[in-house]
2 protein chains.
Amino acid sequence: MENSVGKVKTEYLKLDKTITLESGKTLNKVQIAYETYGKLNENKDNAILICHALTGDAHAAGYHSEDDRKQGWWDTMIGPNKAFDTNKYFVICSNVLGGCMGTTGPNSINPDTNLPFGHNFPVVTVEDMVKVEKELIDYLGVKKVITVGGSMGGMQAIEWSISYPEYVKSVIIIAAAARLSAQGIAFNAVGRNAILTDPDFNNGDYYGGKHPENGLSIARMIGHITYLSEQAMHNKFGRNFKEDKPNFDFGVDFQVESYLDYQGRVFVDRFDANSYLYVTKAVDYYDPIEKYGSLENAFDKTNANFLVISFTTDWLFSTEQAKEIVNALIQKNKKVSFIELDSPCGHDAFLIEWEKQTTIIKSFLSEVN
Amino acid sequence: MENSVGKVKTEYLKLDKTITLESGKTLNKVQIAYETYGKLNENKDNAILICHALTGDAHAAGYHSEDDRKQGWWDTMIGPNKAFDTNKYFVICSNVLGGCMGTTGPNSINPDTNLPFGHNFPVVTVEDMVKVEKELIDYLGVKKVITVGGSMGGMQAIEWSISYPEYVKSVIIIAAAARLSAQGIAFNAVGRNAILTDPDFNNGDYYGGKHPENGLSIARMIGHITYLSEQAMHNKFGRNFKEDKPNFDFGVDFQVESYLDYQGRVFVDRFDANSYLYVTKAVDYYDPIEKYGSLENAFDKTNANFLVISFTTDWLFSTEQAKEIVNALIQKNKKVSFIELDSPCGHDAFLIEWEKQTTIIKSFLSEVN
């Protein structure tokens, strides 16, 4: 595997301190799942924190075992000589608070009850996710960090520059927005509704029994529609039938149905329905504009160099929304570069268009660091 | 009620003949629910057939009783001196085959078993809907008709000009397309999936018990997202909370969630989940381009005057799709007028923007008839 970071292992950090959340609630003994690639330099200022999107995890690059056919979710971007060059940088990726891939979330054991949290897990925000990431950064001894993320990861990257301006050297925001649109909230809300009304949901306490797979699967299908552009769907599937002709029944009929059906089915094997509720809610709530009165105010303290990347056919986080970030930074005389990349891939472009992003990001990083 | 057609009654026609469907299956004793407004002239050529959208019904104008607060679904457009002027025209609207508002559909009694059809109802197509509408037109003695429809109704209006070219004088196609996009199919498919996986669905045989309300409600919510433009959602709800601040729980939190929740809940009281499966499938299947090799071929025999109307922010049936119809007609030297109306209302504009449509339609009808 050329330019791979090679075999890696997910590590786990258990925090001793109590984390106080935006809601006012607290969490004890939070565990953080994370991976690192490359080496922290002597000045401890060459770290890049990769923040993952809605359903990502800490395994961003490399492979877990020799026969592991699936590499980390951003392996195209992280490794020797890649966009995030592990020869130069100490790259960190952790699973978000509220997730289900090793960091404390609703499927974790509540230390107070020795049972899974389920619906007793407190609602967490992007700010809370970043607060927990800060604990990890401190533990690793990092003094300065470049924060990077696509989609929900972009929100975390932004929030780092707001919450911890003194720590953040640069911020790379990809296919993201300072806040979700009403339409984005609507899609998330319907997905959550599908989970919440699934009889197997059982008010979130389903861990001993059947999981709300139908609801989670529908939520994922809705998500996937928003991740692809209309053009990408047209190019991939058009109106083609799975078996060349209509079935005249309600089974999987068109190729696009087959795709969504598959995406729904495989998702329930790897993701927890409760986590889906919590992370989508965090995305819905994130709104530094409301919190600080304006995005300009939110960015008041940052001295970071910003790179904002959007994609032409991304309709979940549009170029218009990216420009809102850029304009606020310009208003405050902050350092910002912006590029809209041409891609037919919709929101998924941030995971697919690695070559275009590599050129831009390499150039940005070489100039600012 | 000014310019109202006044008190009206839904009538029912029972067909004696067997209807052979596109699938090859047959239906006996089909019932058609319909309403008429205005009078058929001596030449029997002043009829306008209004074709309804996905979840519409035969009650397009007027009111059913003196204390009926809800007028027909297109009352703004149908009546004395309105766009479809009942002083001049004999306006007809019928419920579609496969619907649940009086025309034979999956919730009707199967004459062979004396039980509701449920999943034994055959899959129907837009062509089948039009075939049944033709029976009604013949029964009413109509010799020439103007076919009109928005959304799925526009598909029926198109199909009339293809299936019965000698009967159709003019066609008004609003917020519609010759075929649904892959993205449109995807939204319908996820909605159907929500119904099909609802445990109360019971393979379509739920009429004696609890209906699959959760699934149907989710399908409706998904639909409503596609009916509104992003701009309309933003203007209507923005990111406002229902109760001014976040709840930090998974109840209805944002105003847009409240809207969707309401739309889902009221829909299950008026619409049958099986019908939702059948009518969305009919929309998905409709594709005269595939059937005739090209839209030009499909329109080969028509001599009708066409008016095609699209709306700037309609992303379910876009202006681009409307232009596909227009271009095919132009290619075949057919008579066609086209206008894209400026509206922030998305697909719903065809139900909302009655003033703009009235001006255009009155002008079109006065010129061509």
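**Reading a predicted two-chain model**

Modeller: Start with one helix: α1 (residues 126-139) of chain B lies across β1, β4 (31-37), β5 (47-51), β8 (90-94) and β11 of chain B, and runs at about 55° to β4(B). Helices (H or I, at least four residues) and strands (E, at least two) are DSSP runs, numbered from the N terminus. Axes are lines fitted to C-alpha atoms, for helices over the stretch in contact, and angles run from 0 to 180 degrees between N-to-C directions. This is a predicted model, in which local features need pLDDT of at least 70, side-chain atom pairs count only at pLDDT 80 or more, and totals for chains, interfaces and linings use all residues. Residues are numbered from 1 along each chain as its sequence is written, while chains are lettered from A and ligands numbered from 1 in the order in which they are written.

Biologist: In what order do the 8 strands of the open sheet in chain B stand?

Modeller: Two strands pair if DSSP finds at least two bridges between them. Here the order is β1-β4-β8-β5-β11-β12-β13-β14, with mixed pairing. β1 (11-14) and β14 (335-341) of chain B are at the edges with a single partner strand each, so one side of each has no neighbour in the sheet. On average, neighbouring strands are turned by 20° against each other, direction ignored.

Biologist: In which sense do β11 and β12 of chain B pair?

Modeller: Strands β11 (residues 145-150) and β12 (residues 168-174) of chain B pair in the parallel sense, over 6 bridges. B:V145 has B:V168 in β12(B) as its bridge partner.

Biologist: How are the two copies related?

Modeller: Two copies of a chain are related by a rotation about an axis and a shift along it. Superposing by least squares on the C-alpha atoms of residues with pLDDT of at least 70 in both, a rotation of 180° with 0.0 Å of shift along its axis brings chain A onto chain B (RMSD 0.0 Å). The copies are thus related as by a two-fold rotation axis.

Biologist: How many residues of chain A are in contact with chain B?

Modeller: Two residues are in contact if their C-beta atoms, placed from the backbone, lie within 7 Å. By that rule 41 residues of chain A are in contact with 41 residues of chain B. α3(A) gives the most to this side of chain A, with 11 residues. Of the interface residues of chain A, 100% are also interface residues in chain B, so the copies meet through the same surface.
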